[in-house]
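Work through the exercises below with the sequence and the model open. Each task is followed by a solution in steps.

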Amino acid sequence: TDIDPFITGLPKAELHLHIEGSLEPELMFALAERNKVAIPFASVDEVRAAYAFSNLQDFLDIYYAGAAVLCTRQDFHDLASAYFARAAADGVLHAEIMFDPQTHTDRGISFAEVVEGLLSAMAEAKDKYGMTSQLILCFLRHLSEEAAFETLRQAEPWLDRITAVGLDSSEVGHPPAKFARVFAAARAKGLKITVHAGEEGPPAYVYEALDLIGTDRIDHGNRAMEDPVLVRRLREEGKTLTVCPLSNLKLCVVGDLQQHPIDRMLQAGLAATVNSDDPAYFGGYIADNYRAVAEARGLSREHLATLARNSFLGSFLPSEQIAAHI
Ligand code: ES4
Ligand code: ZN
């Protein structure tokens with residue numbers, strides 16, 4: 001449609017992207033072959049057919065199985081390199097990349113292998129596309145506090161190249177409070193913080209992310225809309241929400257995109273952004289996400305420009321670089 005070039009041409013930052021979630025089935029097969037890792041699928045078509053999820057856990061089971069083909073620094077480089085090419089084509093000028101070290105270190109892959117592969121692709125993206133990027137190390141919330149502390153210890157030699165820490169994986173039953181101490185330790189090391197909250201979990205988890213962790217951003221935040229007091233708080237604090245419409249659809253956080261809250265979030269004065277989450281699994285990259293809500297919710301170009309502007313305002317870039325983008 002005629003909105004496509006407008007969306008692609010909008011300068012955008014991607015703030016919510018799991019790099020392991022950008023593993024396309026074709027690359028999954030190529031890496032399975034290269035590393036002699038067995039995967040429970042016979043073909044690329046069979047992989048795509050398995051991508052029908054009824055909730056977050058359904059997805060996570062397949063996402064962690066897919067990540068098993070990632071073994072070497074070259075694999076992580078190739079994965080991120082493919083993402084950056086896709087993001088550049090969508091008009092992304094800055095990308096904040098989440099990665100899940102525990103998914104790999106628990107299989108015997110070293111932290112160094114993961115992070116060095118990502119960093120080399122980030123340097124390449126700067127050279128090739130002029131795209132800036134940052135790393136967000138995510139702790140898996142279904143694992144223990146002690147395991148998160150151990151991951152933070154492993155990251156120590158790279159902390160000058162890691163911008164932030166995040167909290168992802170199975171939300172319900174693993175409230176932010178479980179990780180308050182490890183986030184305090186990360187903050188003391190100068191790291192920014194972003195927490196998945198209110199995707200499937202209740203508004204209480206969003207309060208915990210704010211009150212017990214002091215998070216800089218909320219990843220998703222959909223269910224905050226159930227609590228008017230919380231909405232007012234998020235507005236007054238100018239807290240960025242990294243919303244992922246196609247993810248919300250595929251994980252049944254919303255029944256259909258016509259019910260997506262993105263425009264109600266903007267209407268409420270929230271600093272909402274649009275992002276792709278796990279694009280290889282959810283059927284689209286960032287421009288697809290903008291297009292999907294533009295169509296389903298009838299967003300104007302002004303709304304789309306506000307979302308894109310919010311992405312830079314909510315980024316972890318230094319303020320002078322933010323100013324240069326808006
Ligand atoms: C995730 Cl959509 C989502 N939610 C929580 N954790 C995740 N890890 C990767 N994608
Ligand atoms: Zn996510």
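Predicted model: local features only at pLDDT ≥ 70, side-chain atom pairs only at ≥ 80, totals over all residues.

**Exercise 1.** Find which positions UniProt lists under "binding site", and work out where they lie relative to one another.

Solution. The unreviewed UniProt entry gives His 16, His 18, His 196 and Asp 277 for this feature. These positions span 262 residues in sequence, but no two of their C-alpha atoms are more than 11.8 Å apart, so they gather at one spot.

Take three of them in turn.
- His 18 is in strand β1 (residues 12-18), and is buried because 27 C-beta neighbours lie inside 10 Å. Beyond four places in sequence, its contacts are Met 98, Asp 100, Asp 168, Asp 277 and Asp 278.
- His 196 is in strand β5 (residues 192-197), and 29 other C-beta atoms within 10 Å make His 196 buried. With the same exclusion of residues up to four places away, His 196 touches Leu 167, Asp 168, Glu 171, Asp 219 and His 220.
- Asp 277 sits in the loop between β8 (271-274) and α14 (279-282), and is buried, with 31 other C-beta atoms within 10 Å.

**Exercise 2.** List the residues around ligand 1 and sort them by class.

Solution. The shell consists of His 18, Gly 21, Leu 56, Tyr 63, Asp 168, Ser 169, His 196, Glu 199, Ser 247, Asp 277 and Asp 278. Sorting gives two nonpolar, five polar and four charged residues.

Next, check the backbone at two of these residues. Most residues other than glycine have a negative phi. Ser 169, however, has a positive phi of about 80°, and Asp 277 a positive phi near 65°. Ser 169 is in the loop between β4 (164-168) and α9 (180-188), and counts as buried, with 20 C-beta neighbours inside 10 Å.

**Exercise 3.** Determine which residues of α9 are buried and how they are arranged around the helix axis.

Solution. The buried residues in α9 are Val 182, Phe 183 and Ala 186. Viewed down the axis, the buried residues of α9 fall within an arc of 100°, so they line one face of the helix. The elements covering them include β3 (132-140), α8 (145-155), β4 and β5. Just after α9, Gly 190 takes a positive phi of about 90°.

**Exercise 4.** Which members of the largest nonpolar core touch the most other members?

Solution. The core has 95 residues, and those with the most contacts to other members are Ile 19, Ala 80, Ile 97, Phe 99, Leu 118 and Val 165. Take Phe 99 as the worked case: outside four places in sequence, Phe 99 touches Ile 19, Glu 20, Val 114, Leu 118, Leu 135, Leu 137 and Cys 138.

Definitions and conventions: Residues numbered from 1 in each chain as written. Chains lettered and ligands numbered in written order. Helix = DSSP H or I, 4+ residues; strand = E, 2+ residues; numbered from the N terminus. Buried ≥ 20, exposed ≤ 12 C-beta atoms within 10 Å, placed from the backbone. Near = placed C-beta within 6 Å. Nonpolar A, V, L, I, M, F, W, Y, C, P; charged D, E, K, R; others polar. Core = buried A, V, L, I, M, F, W, Y, C linked by C-beta atoms within 7 Å. Contact = placed C-beta atoms within 7 Å. UniProt positions renumbered as here; feature names shortened; annotations may be inferred. Arc of directions from axis to C-beta.
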